[in-house]
Amino acid sequence: MIKRVARGGFKDLKDNEMLDLSATVLGAMESNTNFTEPSPTLAEVQAAHDEYAARLHVAKRGSQLDNSLKRDAREVLEGLLKRLAFYVSTVANGSLSVVLSSGFRPNSLPKPTGAPGKPELVTVRSWRQSGQASLTFDKPAEALFCEYQYTSAKDMDGLPLWSDEIFDTPTGTGNIIAPLTPGEQYFIRVRARNKVGMSDWTTPEPYWAQ
């Protein structure tokens, strides 16, 4: 049996996604009875998060020095989160529910048949401009790439109607869905593929376009 652990690698995350993850972890672990003695402390992580957020804001001006300081601040935050993920995994002892309660992303389980398992933690958020959304998910380790669909069409029972159009993506981050009509409800689903086969589609994720 493969135990679930908190994923302690963050190199695939963009700067804003890194901030979102650390903020999620801090919020989830505060007063969480599963984790009574976090190591490092949440205060240490919060200080590194705040420093990174400040450096990231300044670095948007494009100075080489500012960007270097931003990278240094990110390395500090990544190091602390990696240690915290190890602590969470130790406390969780393989429990998926405990790992999820920490705000960390869990590792993905391989599918015994060789075909990929379904992507996990599918999330759709508004993006920088109206009519755009950001799709993120955990890509299974055994998947070569993933596919996604989105639609606003519904049948008479209110269930989504899917077209033949499918979008390929090699990663679970940085997927921008557009154009969307603000105020309209969409449904998004994802599946994984490799040389052996494909997973089932994920449960359609509803999203109101902004």
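Predicted model: local features only at pLDDT ≥ 70, side-chain atom pairs only at ≥ 80, totals over all residues.
Colleague: Which residues touch the most other members in the largest nonpolar core?

Modeller: A nonpolar core is a set of buried Ala, Val, Leu, Ile, Met, Phe, Trp, Tyr and Cys residues joined through side-chain atoms within 4.5 Å. Buried means under 20% relative accessible area, exposed over 50%, and partly exposed in between, with a 1.4 Å probe and protein chains only. In this structure the largest nonpolar core has 27 residues, and M29, L81, L84 and F104 touch the most other members. The elements that give two or more residues to this core are helix 1 (15–29), helix 2 (42–59), helix 3 (64–92) and helix 4 (96–101). Helix 3 gives the most, with 9 residues. Another core, of 16 residues, lies apart from this one and includes L135, I188, V190 and A209.

Colleague: Which residues is F104 in contact with, leaving aside its neighbours within four places in sequence?

Modeller: Contact means heavy atoms within 4.5 Å. With those neighbours set aside, F104 is in contact with A6, R7, F10, V25, M29, L81, L84, A85, V88 and V99.

Colleague: Is Q185 buried or exposed?

Modeller: Q185 counts as buried because its relative accessible area is 16%. The residue belongs to strand 6 (residues 185–193). A polar contact is a pair of N or O atoms within 3.5 Å; within protein, one must be able to donate a hydrogen and the other to accept it, and residues adjacent in sequence count only if both atoms are side-chain atoms. The side chain of Q185 makes such a contact with the side chain of K154, at 2.8 Å. Not counting residues up to four places away in sequence, Q185 touches T151, S152, K154, P206, Y207 and W208.

Colleague: Where is T173, and what is in contact with T173?

Modeller: T173 lies in the loop between strand 4 (167–169) and strand 5. With a relative accessible area of 12%, T173 is buried. Leaving aside neighbours within four places in sequence, T173 is in contact with D12, L13, E17 and T136.

Colleague: What phi does S31 have, and what phi does N93 have?

Modeller: S31 is not a glycine, yet has a positive phi of about 65 degrees. S31 is found in the loop between helix 1 and helix 2, and counts as exposed because its relative accessibility is 72%. N93, also not a glycine, has a positive phi of about 55 degrees. N93 is found in the loop between helix 3 and helix 4, and is exposed, with a relative accessible area of 53%.

Methods. Residues numbered from 1 in each chain as written. Heavy atoms only, no water. Helix = DSSP H or I, 4+ residues; strand = E, 2+ residues; numbered from the N terminus.
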